[in-house]
Amino acid sequence: MKFLGNVLAVIVGLFVFSILSVLLMLGLIGILASSSGSEEVKVSENSVLHLDLNGRTIVERTSEDDLDLSIFGNPFGQEMTAGLVNLKKAIGEAKTNDNIKGIYLNTGLIMAGQANLLELREALVDFKTSGKFIVAYDEAYTEGGYYIASVADEIYLNPLGGIDFNGFSSEGIFFKGLFEKVGVKPEIFRVGEFKSAVEPFILEKNSPEARLQTQSFLDDMNQFALHGISESRGIGYDSLKRINDLMLVRKPQDAVTYGLATELLYLDQVLSKLKDKLGIDEEDDIKTINVTDLNKTAKSKNITSSNRIAVIIAEGEIVGGDADGVISSDKFAKEIRKARKDDNIKAIVLRVNSPGGSVVASEVIWREMAEAKKVKPVYVSMGEVAASGGYYISAPADTIVAQPNTITGSIGIFGMMFNAQELLNDKLGITTDVVKTGELSDFMNPTRPMTDVERTIIQNTVEDGYETFISRVSEGRGMSPEAVKEVASGRVWTGNQAKERGLVDVLGGLKTTIEIAAARIGAVDDYRVVYYPTKKPWFESIMEDLGNSVQVKILKSELGSNYTLYKQVEKLKSYQGVQVRMPQEIIIK
């Protein structure tokens with residue numbers, strides 16, 4: 001009883017602590033919100049834009065009124081994010097604002113896909129045409145963090161820091177052995193030798209086809225990144241590739257020796273360098289401004305223009321229903337329909353960042369895209385990934401724009417079920433008994449092996465779905481079905497490779513896509529961009545995510561490095577049924 005009493009005391013204590021923490025946070029948020037709303041933000045003379053992206057995940061867009069609460073730590077374990085749209089807007093404003101003299105950049109442990117890194121990097125390259133400086137400093141750089149920092153005029157590294165500069169890799173996790181141990185048998189249905197999303201459940205390593213495509217796009221993406229760094233740092237490509245291939249930057253001094261870093265300095269020394277650039281005394285403080293505050297000072301351009309371009313941000317997995325945080329078919333069909341029926345919207349740009357998902361949900365969104373195209377110009381801007389279902393919903397566009405290092409294609413389809421009879425009967429001692437009126441009344445029952453009739457029905461459904469997918473791409477791209485099949489079979493391509501094969505029209509980012517749309521409607525200098533869906537205020541988002549964030553923090557604490565594996569297993573829930581999804585979970589590092 002004493003043990004149970006102690007457990008109860010701990011539970012009550014944790015509950016009370018959580019309530020008090022929430023109340024305290026609400027009070028703090030209220031104070032911050034009221035103060036931020038009452039003061040007009042002004043950019044001081046001789047200021048620096050501080051882009052602190054260390055440890056932040058780059059998403060497409062965050063709330064315009066987002067506050068930086070990092071000074072209070074991260075007590076609820078929330079994922080720290082930064083919006084690409086918001087960052088690019090601030091960089092553009094810093095370029096033209098005379099009070100801002102340069103950018104101080106911290107990107108060492110940034111988390112983002114290659115295409116989003118490229119868009120951010122391009123914005124910084126454009127900023128440099130103003131003649132203003134960019135100074136970068138960090139204690140450690142990942143490959144992606146250094147890719148962004150390499151654009152800086154000066155790159156400083158902590159004397160005991162390091163740069164991860166050894167090329168790209170992608171490691172898959174395979175569950176075949178686990179399923180064999182627990183007595184679960186996957187039932188697989190697919191079309192296309194490259195549709196390898198199911199391979200982690202039936203193999204112990206990559207198939208030759210999966211290895212071929214992964215090697216191909218990794219090589220292409222790494223080569224592209226090296227060319228960009230070579231140009232920025234003034235290092236010959238062949239020399240840089242050798243440094244990268246052999247991981248010659250092994251100690252901090254190596255980064256300076258090989259030209260990747262300017263000098264090894266501590267933070268206070270870097271700040272002294274910044275003060276010299278600003279022409280202020282050592283005892284003076286550096287005036288900095290963050291992204292959110294700078295964007296509050298930016299004046300909206302062409303706010304009264306009747307030529308509006310709707311940019312619909314479609315980010316996440318494709319699912320049915322009306323959920324947040326994903327591309328839910330009901331929600332996004334409604335957004336596209338709203339833009340189609342609004343006479344002030346002259347063109348639609350769908351910004352796609354998705355590995356795919358439900359084939360039915362993809363079809364629902366495809367239909368709305370096709371209907372919108374009948375009324376006004378429709379364009380697609382591909383972000384980090386627009387593959388499988390992400391390509392499906394892109395197919396109707398007049399023009400598809402992708403970055404050279406976007407991951408796209410994966411035109412294929414699969415279905416998967418799990419037979420848990422051995423797990424239930426032999427491992428757990430659970431048996432079942434079914435009474436049914438027809439031969440297929442318990443169709444796809446996971447407590448027994450599938451029958452040949454069931455397998456035939458599902459395989460035919462998958463094959464029909466594949467033909468539908470091919471026809472959608474064929475119609476949208478103006479290609480014959482045979483030509484589409486030559487680049488389909490579930491194979492993944494980079495944006496570069498996709499353009500060569502007719503799956504992409506133009507290489508570029510969201511800005512390029514918007515400019516193409518503006519030219520099409522004859523409004524090159526007279527248009528206004530309107531983003532959909534509308535972002536919720538930052539405090540509302542925080543409170544909605546609070547419960548999930550606490551749960552995630554607890555799981556990460558308990559599982560440690562196994563948290564990634566846990567997330568993979570959790571995804572199995574969404575793999576049931578027919579899917580148009582990326583051939584595998586691709587994490588490039």
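Let's start with two helices, α13, which covers residues 359-373, and α16, which covers residues 452-477. In this predicted model, they pack at an angle of about 20°, and their axes lie 13 Å apart. An angle under 35 degrees counts as roughly parallel, so α13 is roughly parallel to α16. As for handedness, α13 and α16 cross in a left-handed way.

Who makes the contact? From α13 we have Glu363, Trp366 and Lys373, and from α16 we have Thr468, Arg472, Glu475 and Gly476.

Now please turn to a second pair of helices, α3 and α7. Helix α3 spans residues 114-128 and helix α7 spans residues 208-233. Here the packing angle is about 20°, with the axes 12 Å apart. That makes α3 roughly parallel to α7, and the crossing of these two is left-handed.

On the α3 side, find Gln114, Leu118 and Arg121; they meet Met221, Phe224, Gly228, Ile229 and Ser232 of α7. What kinds of residues are these? In the contact of α3 with α7, four are nonpolar, three are polar and one is charged.

Next, let's go to the nonpolar cores. In soluble globular proteins, nonpolar side chains tend to be buried together. In our model, the largest nonpolar core has 57 residues. Which of its residues have the most contacts inside it? They are Leu51, Ile103, Leu124, Ile163, Phe165 and Leu260.

Let's zoom in on Leu260. Leaving out residues up to four places away in sequence, Leu260 touches Tyr146, Ile155, Ile163, Phe165, Arg233, Ile235, Leu240, Val249 and Ala255. There is also a second, separate core, with 51 residues, including Phe189, Ile318, Leu503 and Val504.

Last stop: Glu60. Where does Glu60 sit? You'll find Glu60 in the loop between β2, residues 57-59, and β3, residues 81-83. And is Glu60 buried or exposed? Glu60 has a relative accessible area of 1%, and buried means under 20%, so Glu60 counts as buried.

Methods: Residues numbered from 1 in each chain as written. Predicted model: local features only at pLDDT ≥ 70, side-chain atom pairs only at ≥ 80, totals over all residues. Heavy atoms only, no water. Axes fitted to C-alpha atoms, helices over the stretch in contact; angles between N-to-C directions. Helix = DSSP H or I, 4+ residues; strand = E, 2+ residues; numbered from the N terminus. Parallel < 35°, antiparallel > 145°, perpendicular 65-115°, else oblique. Left-handed = near helix turned anticlockwise from the far one by under 90°. Contact = heavy atoms within 4.5 Å. Buried < 20%, exposed > 50% of the residue type's maximum accessible area, 1.4 Å probe, protein only. Nonpolar A, V, L, I, M, F, W, Y, C, P; charged D, E, K, R; others polar. Core = buried A, V, L, I, M, F, W, Y, C linked by side-chain atoms within 4.5 Å.
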